[in-house]
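Subject: Handing over the structure

Hi,

Here is the structure I promised to pass on to you. Have a look at it first, and then read my notes below.

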Amino acid sequence: MVKHAIIESKKKIALIAHDNKKGDMLEWAKFNKGTLKQHELFATGTTGKLLEEEVGLEITNMESGPLGGDLQIGSLIADGLVDCLIFFWDPLEPHPHDPDVKALLRVAVVWNIPLACDRSTADFLISSPLMNKEYLRKLPDYETYRHRLDHTN
């Protein structure tokens with residue numbers, strides 16, 4: 001049986017940017033402010049505060065990434081409370097919380113939510129005609145996996 005989840009026309013979007021990408025995120029958010037204001041926004045701490053102060057967006061802020069904000073966003077994704085992740089990450093800079101970053105990207109793919117890791121992809125994503133419509137997202141069927149786990153204990 002195929003399972004689906006409805007992503008409403010008002011999306012729940014998580015916004016994250018590593019330090020070297022915060023300028024890109026601010027420019028992108030300023031350009032897309034009108035569209036972003038139509039949706040519910042979440043962000044890791046520092047990124048969220050910048051977006052509130054510099055762009056005037058209303059954000060639900062988590063902790064900063066190194067303090068667990070990436071994991072908090074990942075938890076929201078796993079609970080079905082985030083529909084889309086825009087994460088401007090810096091692949092050239094080492095980060096002490098790299099395992100958290102990998103886990104966040106992994107959970108976004110596991111739960112089949114739209115994911116943009118750079119500005120070009122974020123441009124394509126936010127300008128998609130699907131951004132302001134309901135969307136029937138196919139949920140992966142993990143029942144076999146869960147059933148296997150139940151019988152290994």
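Predicted model: local features only at pLDDT ≥ 70, side-chain atom pairs only at ≥ 80, totals over all residues.

Helix α1 covers residues 22-31 and helix α3 covers residues 45-55; their axes come within 10 Å of each other and cross at roughly 45°. The crossing itself is right-handed. If you want to find the contact on screen, pick out K22, M25, L26, A29 and K30 on the α1 side, then T46, T47, L50, L51, E54 and V55 on the α3 side. Sorted by class, this contact of α1 with α3 has six nonpolar residues, two polar ones and three charged ones.

Now for the other partner of α1. Helix α6 is made of residues 119-126, and its axis comes within 11 Å of the α1 axis, with a crossing of roughly 20°. That angle makes α1 and α6 roughly parallel, therefore. Here, too, the crossing is right-handed. From α1 you get D24, E27 and W28, which meet R119, A122, D123 and I126 of α6.

Helix α4 runs over residues 69-78 and helix α5 over residues 98-110; they pack at an angle of about 15°, and their axes are 9 Å apart. So these two helices are roughly parallel to each other. What is the handedness of the α4 and α5 crossing? It is left-handed. On α4 the residues in contact are D70, L71, I73, G74, I77 and A78, and on α5 they are D100, V101, L104, V107 and A108. Eight residues of the contact between α4 and α5 are nonpolar, one is polar and two are charged.

Last, a pocket. The second largest pocket holds about 170 Å³ of space. Which residues line the second largest pocket? They are I7, K11, D83, C84, P114, L125, S128, L130, M131 and Y135. By class, the lining of this second largest pocket comes to seven nonpolar residues, one polar residue and two charged ones.

Happy browsing!

Terms used
Residues numbered from 1 in each chain as written. Heavy atoms only, no water. Axes fitted to C-alpha atoms, helices over the stretch in contact; angles between N-to-C directions. Helix = DSSP H or I, 4+ residues; strand = E, 2+ residues; numbered from the N terminus. Parallel < 35°, antiparallel > 145°, perpendicular 65-115°, else oblique. Left-handed = near helix turned anticlockwise from the far one by under 90°. Contact = heavy atoms within 4.5 Å. Nonpolar A, V, L, I, M, F, W, Y, C, P; charged D, E, K, R; others polar. 1 Å grid on protein atoms, 1.4 Å probe; cavity = no way out; pocket = protein on both sides within 12 Å on 5 of 7 lines; lining within 4 Å. Points joined across faces, edges and corners; volume = space filled by probe spheres on them.
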